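The sequence and the coordinates come first, and the description follows.

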Amino acid sequence: MGRVVILLMFLFLSQHAKAIVQPDISLEVFSSGYSDPLAVRNDGVNNWLYIVQRNGEIVISDSLGNKATVPFLDIKDRVLSGGERGLLGLAFHPQFKTNRVFVVNYTRKNDGATVISTFKAFENNLMEANPKSEKIILTIPQPSANHNGGDIHFAKDGYLYIGMGDGGGGGDPKNYAQNLQSLLGKMLRIHLDSDSTYIIPDGNPFKNDRSKLGEIWSYGLRNPWRFSFDRLNDDLWIADVGQNAFEEVNHAPSPRMGGENYGWRCFEGDQVFNNTDCNETYDFPIFTYNRTTATGGRSITGGFVYRGSEFPDLYGYYVCADYLSGNFWLLKQDNSNLEVILKNKVVSNITSFGEDLDGELYASSFNGNIYKVGSLCSDLKIDSTKIQSISCPSKTDGSIEIFLTNPSEQYKVLWSNGDSNLIISDLEQGWYQLQLTDSKGCVLTDSFEVSFSKALPEIVMEVDSLLTNAIGSYQWFENGNPIDSAHEFFIIPQQSGIYQVEVTDLEDCKLLSEVFELNINALKDNKSMETFHIFPNPTNDFITIKTSQNFNSKFGTVRVFDLNGRVVLEQTMKNIDSPISLKTLSKGIYFIQLSIEDAGYRGISKVVKIND
């Protein structure tokens, strides 16, 4: 049985493992000179970045980081700015190219209410918007100066999502986040049916419940300071600022059903905060960190899943940061496992993240800079690999050689067999893992398989026989045990089971076939079978058959089939001693079957045709 188990283990190995480089966050100043930037957006059309400033201005930066001298929009006259108030969010309509409509979220002068309104860019100048084109869509009163949320995005469903804080005050004293008759502490979803009105989408979970507000998509949020949609799969990621102990990230995979309750104020993170009237099912965060400067922070800023192409090692990671500590986190969800990478004290006062048209990632800081987010480790890669297969499963003559893009750099090399060279040799069959570390401390891991170059013997079934295509000496196995005297290229099995054949080729290399699982009921009959001689063998064209018996009847049927068991030639012989032409067959290995029904004889032999 041991032979069968070993073979199955080999069959389930993949040919090559994908190289993995753990990213290491880097920030490079892309543009500077902004006043309290709170958001970075693109319009889906132009290769520009729109920088939202707390004071009520939106400023354009070109693809080189050059800041425009004239604001795209200036509504300082209607924005209440300071602390957590101001011009907080920007979202471009999916049809901005044709309708020139975009949406903003700001706190209004005089009363501090949240205003969601549309504006239009000038028809003849998309680099400027008309401040007089405002159409107020939604107004939400704010009981306090903090926890306004403020982020807005269009998702792939075409609807506008609005992140609302709980209205402020410590511990959500009015329990707005759990109150479905309040828009505070919620994620809202609406459909802009014009530039001045909206309707509630049919899929909203509470649209048909008059005791709840239909605009609500999900709830139980304290202060969602930046949420985003993954541009690849439309997953929703929400960063929610904590109260006393935990900052959290919530993840809603697509397709989303809506109605999620993220727990606040009943829970902070996944821990009980205030359990008064808390008896629902809650969606706990995918990630939390506590309020320590070294490994955590005190105010999370949500980011995006990186889907750009410049930093392949960063691809698929959700990037977020803490405003006060300057710590960054990279999160990647793989089924039920969450990979977490912490980078300490990168840049503090990060207020938001944003993407450009190509999915490259940017971050804004209250220091006035816009940073391009990247990875220090993206240039660590293997240029090419040369793998020498072993000549036989029992040999140890395999080798692996790695060629690097920058061979002059100092690398630390460590193989799973303990070797520290770029080329390792005298290898047996198996997998070998490489850990490559460059001078920056970036680490690449990859795995390579050393296999053998020869093809395994194949087994095909012909009527009641099992045949192999390989040339050499043979030993057949049934259920992992050798079959006595089974040393021909065929056997006639007598019972159901798992069969294999080991072929020792002309170079004395032993090769074990794949398993062949046989149901004896599938056999057509159980006549005895013998081999006969073929002359000449190998052949160019004609062959003759010589059996060990003399038959009174000279009539017989000859069938020729290929290694896949397909019949490629069949003819009735009036004289079985007559030559048989194989002229129509391509070169290769074939099986010749001779049946003489009157004598109850059936024989089979192998022939090699050496020309086309």
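A disulfide is taken here as a pair of cysteine sulfur atoms within 2.5 Å. The model is a predicted one, and a search of the whole structure finds three disulfides.

**Disulfides**

| Disulfide | S to S distance | Torsion and hand |
|---|---|---|
| Cysteine 266 and cysteine 278 | 1.9 Å | -90°, left-handed |
| Cysteine 377 and cysteine 442 | 2.0 Å | about -80°, left-handed |
| Cysteine 392 and cysteine 509 | 2.2 Å | about 105°, right-handed |

The link of cysteine 392 and cysteine 509 is right-handed because the torsion about its S-S bond is about 105°. This pair connects distant parts of the chain, 117 residues apart, with cysteine 392 in the loop between β29 and β30 (398-404) and cysteine 509 in the loop between β40 (497-504) and β41 (510-512). Both cysteine 392 and cysteine 509 are buried.

For cysteine 377 and cysteine 442, a torsion of about -80° makes the disulfide left-handed, and the pair links distant parts of the chain, 65 residues apart: cysteine 377 belongs to the loop between β28 (370-375) and β29 (382-388), and cysteine 442 to the loop between β33 (430-437) and β34 (443-450). Cysteine 377 counts as buried at 1% relative accessibility, and cysteine 442 counts as buried at 1% as well.

Cysteine 266 and cysteine 278 form a disulfide with their sulfur atoms 1.9 Å apart. Twelve residues separate the two, cysteine 266 being in the loop between β18 (246-252) and β19 (267-268) and cysteine 278 in the loop between β20 (271-272) and β21 (287-290). Cysteine 266 is buried at 3% relative accessibility, whereas cysteine 278, with a relative accessible area of 22%, is partly exposed.

With bonded cysteines counted along the chain, the disulfides follow the pattern 1-2, 3-5, 4-6. Cysteine 320 is in no disulfide, and the nearest cysteine sulfur, that of cysteine 377, is 18 Å away.

**An open sheet**

Four strands form an open sheet in the order β46-β45-β48-β49, with antiparallel pairing. Because β46 (567-573) and β49 (601-609) stand at the edges, each with a single partner strand, one side of each is left without a neighbour in the sheet. On average, and with direction ignored, neighbouring strands of this sheet are turned by 20° against each other. Strand β45 (residues 556-561) runs antiparallel to β46 and is joined to it by six bridges; among the residues involved, glycine 556 has methionine 573 in β46 as its bridge partner.

Tyrosine 50 and phenylalanine 92 form a tilted pair, 4.5 Å centre to centre with 55° between the planes. Tyrosine 50 lies in strand β4 (residues 49-53) and phenylalanine 92 in strand β7 (residues 87-92), so the pair ties together parts that are 42 residues apart in sequence. Both tyrosine 50 and phenylalanine 92 are buried.

Phenylalanine 92 also forms a tilted pair with phenylalanine 102, at 5.8 Å centre to centre and 45° between the planes. Phenylalanine 102, which is in strand β8 (residues 101-107), is ten residues from phenylalanine 92. One aromatic cluster is formed by Trp48, Tyr50, Phe72, Phe92, Phe96, Phe102 and Phe119.

Charged side chains meet rings as well: the charged end of arginine 222 sits over the ring of tryptophan 264, 5.7 Å from its centre, and arginine 307 lies over the face of tyrosine 315, at 4.8 Å from the ring centre.

Notes: Residues numbered from 1 in each chain as written. Predicted model: local features only at pLDDT ≥ 70, side-chain atom pairs only at ≥ 80, totals over all residues. Heavy atoms only, no water. Buried < 20%, exposed > 50% of the residue type's maximum accessible area, 1.4 Å probe, protein only. Pairing = 2+ DSSP bridges. Axes fitted to C-alpha atoms, helices over the stretch in contact; angles between N-to-C directions. Phe/Tyr/Trp six-rings, centres within 6.5 Å; stacked < 30°, edge-to-face > 60°. Lys NZ or Arg CZ within 6 Å of the ring centre and 35° of its normal.
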